[in-house]
Amino acid sequence: MLRQIFWRSLFIQCVLNFDKMQNTGFATAIMPVIKKLFPPGEEQKKALLRHFEHFNTQPYVASIIIGIIAAKEKEYASSGDTKILDDIERLKEQTARAFAALGDMFFWGTWRPFSSLLGIVIVSSGIILKEPFLIGTGIAVFLIVYNLIPLMVRWYGLRLGYEKQEGAIEVILKARPMIQKIIWWIQGISLTILACFGMFISSKMLASLGGQSNLISYLLSGAIVLWVAITLRRISISKLVILIILVSAVQAYVF
């Protein structure tokens, strides 16, 4: 049943509308649970109509909420306690808002730009170096890197919500500081890649004009570390050392 819900949840935005946003996608995703728990007819109809109300969240974290609500529907079907219906409505509304903020910050604000940057750098390098293989590799890297984490979050998030119900919310809240640290490091790595790629382009331009590409490499090494250190707020010495090592490794590979 969870596999059916998972595949359906991938299409949560397929009927996105200005009135009730993702409500049709949510109802479609949770339909296997409704069909299993309630007999055909009026009861199934009422259960489905409950999920045609307004719903909107970050699509990659929606599966966590779907898992929670599927478990609550199972609890309601076995007990018949109407208070659970109030819990379902409340949980959908509250978790949708909270998870949307966290999901937007990570996926839209961090992971998508990072994945795009990786793909663009590799494709651009292929164009500059006239290597068609790198162009195809850059496209493949973007598609794989970008989709890998969302798919994992969707599957394991669905299982987490279904198995832990409200406990899944506590797990996400406890993981929030770690997620923010991950975001910090991804942004730092993105800046480093961007700076190193800028150095690579500059050296190629200088070499084409008859200059010394190695010289520009050495001169810009310190500037890259300074760029990252200034851009990232409250950087510690240990993090700066790691970034210096990272820059040195990328520089050694490029030059």
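This tour moves through the model selection by selection, from the whole chain to two single residues.

**The whole chain**

The model is predicted: local features need pLDDT of at least 70, side-chain atom pairs count only at pLDDT 80 or more, and totals for chains, interfaces and linings use all residues. Residues are numbered from 1 along each chain as its sequence is written, and side-chain values use heavy atoms, with hydrogens and water left out.

Begin with the protein chain, coloured by secondary structure. The chain holds 9 helices and 0 strands, where helices (H or I, at least four residues) and strands (E, at least two) are DSSP runs numbered from the N terminus. Its pattern along the sequence is accordingly written α-α-α-α-α-α-α-α-α. Of the 255 residues in the protein chain, 38% are buried; buried means under 20% relative accessible area, exposed over 50%, and partly exposed in between (1.4 Å probe, protein chains only). Among contacts (heavy atoms within 4.5 Å) between residues at least 6 apart in sequence, 72% join residues at least 24 apart.

**Helix 2 and helix 4**

Select residues 23–37, which form helix 2, together with residues 62–79, which form helix 4. Two packed helices are described by the angle between their axes and the distance between the axes. Here the angle is about 25 degrees and the axes are 10 Å apart. That angle makes helix 2 roughly parallel to helix 4. Axes are lines fitted to C-alpha atoms, for helices over the stretch in contact, and angles run from 0 to 180 degrees between N-to-C directions. Angles under 35 degrees count as roughly parallel, over 145 as roughly antiparallel, 65 to 115 as roughly perpendicular and the rest as oblique.

Next, show side chains at the contact. From helix 2, Phe26, Ala29, Ile30, Val33, Ile34 and Leu37 meet Ile65, Ile66, Ile69, Ala70, Glu73, Lys74 and Ala77 of helix 4. The residues of this contact comprise 11 nonpolar, no polar and 2 charged. In this count, Ala, Val, Leu, Ile, Met, Phe, Trp, Tyr, Cys and Pro are nonpolar, Asp, Glu, Lys and Arg are charged, and the others, Gly among them, are polar.

**Helix 2 and helix 3**

The axes of helix 2 and helix 3 come within 10 Å and cross at roughly 150 degrees. The two helices are therefore roughly antiparallel to each other. Ala27, Met31, Ile34 and Lys35 in helix 2 meet Gln44, Ala47 and Leu48 in helix 3. This contact divides into 5 nonpolar residues, 1 polar and 1 charged.

**His51**

Now select His51, in the loop between helix 3 and helix 4. His51 is buried, with a relative accessible area of 0%. Leaving aside neighbours within four places in sequence, His51 is in contact with Asn23, Phe26, Ala27, Ile30, Ile34, Ile69, Glu73, Ile88 and Lys92.

**Trp108**

Finish at Trp108 in helix 5, residues 83–129. Trp108 is partly exposed, with a relative accessible area of 28%. Beyond neighbours within four places in sequence, Trp108 is in contact with Gln58, Pro59, Tyr60, Gly103, Pro113 and Tyr146. The C-alpha atoms of Trp108 and Gln58 are separated by 9.1 Å, although the two residues are 50 residues apart along the chain.
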